[in-house]
Amino acid sequence: MGIYIHTISARAPSWVQEGCQEYAERLKGRWSLTWQNTPIKGRSNPKNIAAERQKESLHMLSRIPEQSFVIALEERGKRFDSQTFSKTLTSSLENFRDVHFLLGGPEGLTIKAKERAQQTWSLSELTFPHSVARIILYEQIYRAWSIAHQHPYHNE
């Protein structure tokens, strides 16, 4: 049972890596959390963007086992409060071997990536830079664990 976060991005600044690592460390021994990044390429020539996006998407999707539960993160996805996010994630982990979150690059997820997902979630009505969305997702996963296990991190 594990949680995988798939991203398509350039190298993240150190503050992003440190923020995500902080929440990953807090989850160690509780829920397994793995980050898998597909590097962005070929954005300097606008003619290459569509082809590169498809390649990036296929690479990201190739890392997901067929029986996994996949959640696409999109600004128009389903919105949750923290309690519901926790219940939904916990239920998904109980019913599936693995849960995979997809976080697209600057142009968002491809149609193929969206079609692979069983659900589409949103982190907020606001739009965040990719690196901030990644930290928010890590924090919300940790918060979900804390709610599910009555840990005092989450205050009502």
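In this predicted model, K78 has W121 of β5 as its bridge partner.

**Sheet**

These two strands are part of an open sheet of five strands, paired in parallel and ordered β2-β1-β4-β3-β5. β2 (32–39) and β5 are the edge strands; each has a single partner, so one side of each lacks a neighbour in the sheet. From one strand to the next the twist averages 30°.

**Helix α3**

Helix α3 spans residues 82–95, and its 14 residues reach 20 Å from first C-alpha to last, close to the 20 Å expected at 1.5 Å a residue. At its start, a side-chain oxygen of D81 comes to within 3.3 Å of the backbone nitrogen of Q83. The helix lies across β1, β3, β4 and β5, and runs at about 125° to β4.

Which residues of α3 are buried? They are F85, S86, T88, L89, T90, S92 and L93. An α-helix has 3.6 residues a turn, so residues three or four places apart point the same way. The cover over the buried residues of α3 includes the elements tabulated here.

| Element covering α3 | Residues |
|---|---|
| β1 | 2–9 |
| β3 | 69–79 |
| β4 | 98–103 |
| β5 | 119–122 |
| α5 | 130–148 |

**Nonpolar cores**

The largest nonpolar core has 29 residues, of which W31, L89, F101 and I141 touch the most other members. At least two residues each come from β1, α1 (14–27), β3, α3, β4 and α5. The greatest contribution is that of α5, with eight residues. L89, one of the buried residues of α3, touches I3, W31, V99, F101, W121, I141 and A144, leaving out residues up to four places away in sequence. W121 in that list is also the bridge partner of K78. There is a second, separate core of 10 residues, and I8, M60, I64 and L109 are among them.

**H6**

The side chain of H6 makes a polar contact of 3.3 Å with the side chain of Q36. Apart from neighbours within four places in sequence, H6 is in contact with Q36, M60, R63, I64, H100, F101, L102 and L103.

Notes. Residues are numbered from 1 along each chain as its sequence is written. This is a predicted model: local features need pLDDT of at least 70, side-chain atom pairs count only at pLDDT 80 or more; totals for chains, interfaces and linings use all residues. Side-chain values use heavy atoms; hydrogens and water are left out. Helices (H or I, at least four residues) and strands (E, at least two) are DSSP runs, numbered from the N terminus. The expected span of a helix is 1.5 Å times one less than its number of residues. Buried means under 20% relative accessible area, exposed over 50%, partly exposed in between (1.4 Å probe, protein chains only). Contact means heavy atoms within 4.5 Å. A polar contact is a pair of N or O atoms within 3.5 Å; within protein, one must be able to donate a hydrogen and the other to accept it, and residues adjacent in sequence count only if both atoms are side-chain atoms. Two strands pair if DSSP finds at least two bridges between them. Axes are lines fitted to C-alpha atoms, for helices over the stretch in contact, and angles run from 0 to 180 degrees between N-to-C directions. A nonpolar core is a set of buried Ala, Val, Leu, Ile, Met, Phe, Trp, Tyr and Cys residues joined through side-chain atoms within 4.5 Å.
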